[in-house]
Amino acid sequence: MCGEDYATGENYDHRKQWLVSRIRFLSYIYAIDICAYAVLSNHYHVVLHVDQQRADTWSDLEIVERWMQLYKGNVLVDRWVADPGSIDKASLLKVQVCIKEWRERLCSISWFMRGVNETIARMANEEEGCSGRFWEGRFKSQALLDEAAVLSCMTYVDLNPVRAGMEKDLFASDFTSIQQRLYDYSNENKSGTKPEQGLNERVTQQQKLKRKQGLDELPEAPLMPFDGSSHTVIHTALPFTREDYFQLVDMTGRILKEGKCRAIVDDIPGVVSRLGIEPDYWIQHIQNFGKSYSACVGSVEAIADYADRSGKHWCKGVSHSMCCYRQAG
């Protein structure tokens, strides 16, 4: 879908840029931040942060303006925007109900993913001159219940191309958030090392592709920032430093690439232990992340609470969490 079609010889790598641009454009519209993403040839991963509080601060007019950048409006809402005084009480009530619904949708992962997948499907069908389904099915999601789960999932996603043996290192991992973050960091520090020069060339090519496809005209939200303060509120920034995250992802990738099942505890950056994960289990945790959990990821206590709130007796991942989380040991 987004790579080389071995049956026809056609290459669709450019669609990866479609996905990245669409994800970041929707993040600009929605009250949803992008923590991490990785676009591969036949699927993509994205780590999202929903900020309900931000959506609640938007005025009714801002909700309408945001929604109408993506979808058609409503006759009554259009009249209200043009001349609020011309709306009677009954019509105003309907306008308020409509805006309330749009506000909820602008912080809904389901609507966000719908906005990504439907648009990409239409673009691909138009390109190939066909119709019908493009994606195999609906997206699958996992609730990340604590800071350690966010760190783990981001690492897992950013390492996808390296773990799959598709790319040799993080610098070469095109269409991933880690490559974009490394590029931004490189431009800030301008050290000019050889790996960074190669990184700049790869990202420059992606930027040219974006311009060629007219995607550079769309506004894009920045990736969710880092902040190492222990008092950081998760809705403000990721609760670890950018440098700690780079070091962790790089080291984890190197260990996985070398095929080591375990690593010396001292080699694992302190952020892992600080957020409650046993360093001894970190590599196995990331290696098996995709298949060890189902509906949610977190400590044993967090998983049990999630199951209770969801009306479930049990959620997959408890036994794995018992090994990985310090507080569950």
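Analyst: What follows is a set of questions about labels, each answered by setting a value against a rule.

Analyst: This is a predicted model, where local features need pLDDT of at least 70, side-chain atom pairs count only at pLDDT 80 or more, and totals for chains, interfaces and linings use all residues. Residues are numbered from 1 along each chain as its sequence is written, and side-chain values use heavy atoms, with hydrogens and water left out.

User: Let's start with cysteines. How many disulfides does the search find?

Analyst: The search of the whole structure finds 0 disulfides. A disulfide is a pair of cysteine sulfur atoms within 2.5 Å. Cys-107 is in no disulfide, and its nearest cysteine sulfur, that of Cys-98, is 15 Å away.

User: Why is Cys-315 called buried?

Analyst: Buried means under 20% relative accessible area, exposed means over 50%, and partly exposed is in between (1.4 Å probe, protein chains only). Cys-315 has 4% relative accessibility, so it counts as buried. Cys-107 has a relative accessible area of 10%, so that one is buried too.

User: On to the rings. Why is the pair of Tyr-30 and Phe-112 called edge-to-face?

Analyst: Rings of Phe, Tyr and Trp (its six-membered ring) pair if their centres lie within 6.5 Å; planes under 30 degrees apart count as stacked, over 60 as edge-to-face and the rest as tilted. For Tyr-30 and Phe-112 the centres are 5.5 Å apart and the planes are at 80°, so the pair is edge-to-face. Tyr-30 lies in the loop between helix H1 (14-29) and strand E1 (32-39), while Phe-112 is in helix H6 (residues 109-128), so the pair ties together parts 82 residues apart in sequence. Both Tyr-30 and Phe-112 are buried.

User: How do you know what counts as a helix or a strand?

Analyst: Those are DSSP runs, numbered from the N terminus: helices (H or I) need at least four residues and strands (E) at least two.

User: What makes the pair of Phe-226 and Phe-240 tilted?

Analyst: The angle between the planes of Phe-226 and Phe-240 is 50°, with 5.8 Å centre to centre, and that makes the pair tilted. Phe-226 and Phe-240 both sit in the loop between helix H10 (194-212) and helix H11 (242-257), 14 residues apart in sequence. Both of these residues are buried. The search of the whole structure gives 11 aromatic pairs, and ring pairs also link Trp-67, Tyr-71, Trp-102 and Trp-111 into a cluster.

User: Now charges. Why does the contact between Arg-15 and Glu-128 count as a salt bridge?

Analyst: The rule asks for a side-chain nitrogen of Lys or Arg within 4 Å of a carboxyl oxygen of Asp or Glu. Arg-15 and Glu-128 come to 2.8 Å, N to O, so they meet in a salt bridge. Arg-15 lies in helix H1 and Glu-128 in helix H6, so the pair ties together parts 113 residues apart in sequence. Arg-15 is buried at 1% relative accessibility, whereas Glu-128 is partly exposed at 41%. By this rule the count comes to 15 salt bridges.

User: What about Arg-66: which residue does it meet in a salt bridge?

Analyst: Arg-66 meets Glu-62, at 3.1 Å from N to O. Both lie in helix H3 (residues 60-67), 4 residues apart, about one turn of the helix. Arg-66 has a relative accessible area of 16%, so it is buried, but Glu-62 has 26% and is partly exposed.

User: How do you know that Arg-66 lies over the face of Trp-58?

Analyst: A charge sits over a ring if NZ of Lys or CZ of Arg is within 6 Å of the ring centre and within 35 degrees of the ring normal. Arg-66 is 3.8 Å from the ring centre of Trp-58 and lies over its face. Arg-114 lies over the face of Trp-111 in turn, at 4.3 Å from the ring centre.

User: Last one: what makes E1 and E2 count as paired strands?

Analyst: Two strands pair if DSSP finds at least two bridges between them. E1 and strand E2 (residues 44-50) have 7 bridges in the antiparallel sense, so they pair. For example, Ala-36 has Val-47 in E2 as its bridge partner. E1 and E2 form a hairpin with 4 residues between them. In E1, 8 of the 8 residues are buried, so that strand is largely enclosed by the rest of the structure.
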